[in-house]
Amino acid sequence: MARYIGKRLIYMFITLALIATFTFFLMKVLPGSPIASADKLSPEQRAVVEARYGLDQPLPVQYFNYMFGLLQGDLGISINQFKGADVTDVILSRMGPSAQIGFQGMVLGTFLGILFGMVAALRQNTWVDYTSTIVAIIGISIPSFVFASLLQYWFGLKWDLFPVALWKDGFMSSVLPSIALAMFPLATAARFIRTEMIEVLGSDYITLAKAKGASGSEIAFKHAFRNALIPLVTVLGPMAVSILTGSLVVEQIFAIPGIGEQFVKSIMVNDFSIIMGTTMFFSVFLIAIILIVDILYGVIDPRIRLSGGKN
Amino acid sequence: MEKILQVKDLELSFHTFGGEVKAIRGVNFDLYKGETLAIVGESGSGKSVTTKSIMRLLPEATSEFKSGEILFGGRDLTKLSDKAMQKIRGKDISMIFQDPMTSLNPTMPVGRQITEPILKHQKVSKDEAKKVAIDLLRLVGMPKPELRMKQYPHQFSGGQRQRIVIAIALACNPQILIADEPTTALDVTIQAQILELMKDLQKKIDTSIIFITHDLGVVANVADRVAVMYGGKIVEIGTVDEIFYNPQHPYTWGLLSSMPSMDAEDAKLYAIPGTPPDLLDPPKGDAFALRSEYAMKIDMEQPPPFFKVSDTHMAATWLLHPDAPEVEPPVMVIERMKKFPGSRYYEGGAN
């Protein structure tokens with residue numbers, strides 16, 4: 001297992017290096033300059049500013065300087081968005097709200113999704129099942145920004161239950177954005193668990209469990225649940241991605257000072273080091289999720305655990 | 001002998017999109033204490049459904065008891081509540097399934113799968129249950145049982161898994177063990193081992209076994225009595241010798257004739273012509289009549305009642321009616337009957 005994880009870490013490193021390289025050059029291709037009022041500056045002034053951020057050097061030198069900094073964990077300093085602040089500090093200070101709504105959204109979505117899916121499977125072809133199906137279809141087909149606006153309108157404006165936007169009331173502020181983010185994982189988990197539970201409940205070992213005298217709930221939770229969970233683990237990765245991309249939009253709509261909101265702005269103002277830093281941060285996060293998912297497989301399914309050990 | 005289970009006039013149907021499938025159409029049999037009753041018949045004859053209905057393992061939504069009763073311990077199993085049935089399953093009546101590769105939970109250590117019914121039905125601690133489970137594994141011939149308790153099904157071979165399934169079935173010393181084609185999915189050498197194990201265990205714990213199979217070789221090996229099923233009915237029932245050496249029903253003749261024999265060199269293997277009856281619309285008379293060369297006019301119109309051949313032997317065929325013409329069974333069957341005292345072809349102490 002340790003060897004397997006070690007191998008995976010090396011792959012992670014290579015992947016990150018490739019992502020850094022691509023993003024770096026793609027960003028340089030973007031039109032515009034990070035220096036905000038570039039045309040108002042005299043050429044001399046401009047040269048001074050560019051020299052300060054190393055933008056005067058040839059591209060390959062900039063690239064190697066950046067990669068070298070990255071190796072040492074230095075993401076550089078913000079050029080215009082946060083005027084000279086260290087990128088790492090910016091990301092860390094912005095992480096709190098994003099992590100909170102992301103985590104709450106994911107947990108809420110997965111938990112409710114599993115619940116809906118289980119209930120739908122156990123009450124197959126009844127109104128419970130149909131309701132859960134409709135919820136799932138809505139969750140998958142309505143984009144998060146539409147859903148977010150609806151939440152704002154009903155729960156924020158009309159009923160005044162939660163703040164419409166901004167990050168000022170602690171947990172209360174996080175409720176609506178978390179719900180908006182939870183819809184996709186909820187829908188996905190509900191569909192997966194339902195399908196899988198129905199298949200598992202029809203399998204021979206469930207009949208054997210029945211023949212042992214197990215009750216309905218024992219069969220559902222002791223025998224079927226864990227087996228139905230295996231394919232859900234597969235979609236956990238894509239679900240994490242959806243939470244990430246969802247957060248870019250949702251944070252914007254709810255005006256939450258999170259990484260997503262800051263990322264979108266940094267692209268608008270061409271803050272190279274912030275774009276790079278945030279991209280790298282997201283990449284590390286995603287690749288880590290994928291690794292965790294692969295390890296989770298082994299925890300849930302003993303058949304995978306052992307074959308993983310042999311490799 | 002003590003009757004432990006009585007199935008009386010059992011009728012059961014499945015409700016499908018196509019209509020009502022009459023899977024069991026009046027089945028009667030008794031199971032005696034300590035005996036092995038084999039139920040044989042081709043696919044779709046209703047043998048699995050009969051035993052699953054005893055365990056009430058059929059999907060409640062689509063299956064329905066039409067009439068009859070299943071008497072066990074003074075109670076009619078067809079009328080018990082789910083709760084009451086759960087107390088019987090795994091404790092008084094337990095079951096071994098056909099495919100050991102899929103009948104164990106892949107994500108649960110086998111030890112827990114064996115202790116589950118023990119903890120469920122007996123008032124014992126976890127440690128005691130574990131001890132019982134280890135003893136059971138030893139009983140079914142699993143080496144290093146302590147170590148194997150923690151392992152998962154995929155770490156066992158097919159034969160070993162079937163031993164585990166047997167251990168689970170025996171966990172609470174059931175009075176009745178239903179074995180639904182327990183050796184069909186195994187290769188022949190392992191089959192023999194599992195059959196030996198089952199015979200051995202039956203002697204040790206004195207349980208009654210209902211053994212479902214379509215392998216007549218297996219029947220000859222394990223059974224005390226045999227019930228032949230066809231089209232949702234039992235057509236002939238008797239001791240193993242009576243069925244093998246003095247069969248009366250044309251379907252039993254067909255079954256025995258289609259069994260490969262060591263004596264009949266390079267003879268073409270016999271196959272029963274035609275296909276099993278459609279139980280959506282079962283035939284009016286004898287279900288086998290359309291495939292039988294011995295069918296008479298009455299076979300097409302009226303289902304035959306059971307005719308008594310001996311105290312232990314009954315067959316449902318009009319051929320046994322006093323007015324029926326005498327017919328000659330197939331040659332292979334006559335060869336068999338020659339060895340059976342009491343049959344009309346008996347040749348004395350030939351063997």
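The crossing of helices α3(B) and α6(B) is right-handed, a crossing being right-handed if the near helix is turned clockwise from the far one by less than a right angle, and left-handed if anticlockwise. In this predicted model, local features need pLDDT of at least 70 and side-chain atom pairs count only at pLDDT 80 or more, whereas totals for chains, interfaces and linings use all residues. Residues are numbered from 1 along each chain as its sequence is written, and chains are lettered from A and ligands numbered from 1 in the order in which they are written.

Helix α3 (residues 110-121) of chain B packs with helix α6 (residues 158-170) of chain B at an angle of about 25°, and their axes are 8 Å apart. This angle makes α3(B) roughly parallel to α6(B); angles under 35 degrees count as roughly parallel, over 145 as roughly antiparallel, 65 to 115 as roughly perpendicular and the rest as oblique. Axes are lines fitted to C-alpha atoms, for helices over the stretch in contact, and angles run from 0 to 180 degrees between N-to-C directions. Helices (H or I, at least four residues) and strands (E, at least two) are DSSP runs, numbered from the N terminus. From α3(B), B:V110, B:Q113, B:I114 and B:P117 meet B:I164, B:A167 and B:I168 of α6(B), contact requiring C-beta atoms, placed from the backbone, to lie within 7 Å. The residues of this contact of α3(B) with α6(B) comprise six nonpolar, one polar and no charged (Ala, Val, Leu, Ile, Met, Phe, Trp, Tyr, Cys and Pro count as nonpolar, Asp, Glu, Lys and Arg as charged, and the others, Gly among them, as polar).

Chain B also contains an open sheet of four strands in the order β2-β1-β4-β5, with antiparallel pairing; two strands pair if DSSP finds at least two bridges between them. Its edge strands, β2 (19-32) and β5 (75-76) of chain B, each pair on one side only. Strands β1 (residues 3-16) and β4 (residues 63-72) of chain B run antiparallel and are joined by eight bridges, and B:S13 stands opposite B:E64 in β4(B). Helix α1 (residues 47-55) of chain B packs on this sheet, where it touches β1, β2 and β4 of chain B, and its direction makes about 75° with that of β2(B).

A further open sheet of chain B has eight strands in the order β6-β7-β8-β3-β9-β10-β12-β11, and its pairing is mixed. Strands β6 (93-96) and β11 (307-308) of chain B stand at the edges with a single partner strand each, so one side of each is left without a neighbour in the sheet. Five bridges link the parallel strands β7 (residues 176-180) and β8 (residues 208-213) of chain B; B:A179 has B:F211 as its bridge partner in β8(B). Helix α10 (residues 250-257) of chain B lies across β9 (225-230) and β10 (233-239) of chain B, at about 105° to β9(B).

Chain A has 12 helices and zero strands. Helix α4 (residues 87-122) and helix α10 (residues 259-268) of chain A pack at about 130°, with axes 7 Å apart, and are therefore oblique to each other.

The contact between the chains takes 18 residues from chain A and 24 residues from chain B. On the side of chain A that touches chain B, α8(A) gives the most, with six residues. The model scores ipTM 0.84 and pTM 0.78.

Technical notes
Contact = placed C-beta atoms within 7 Å.
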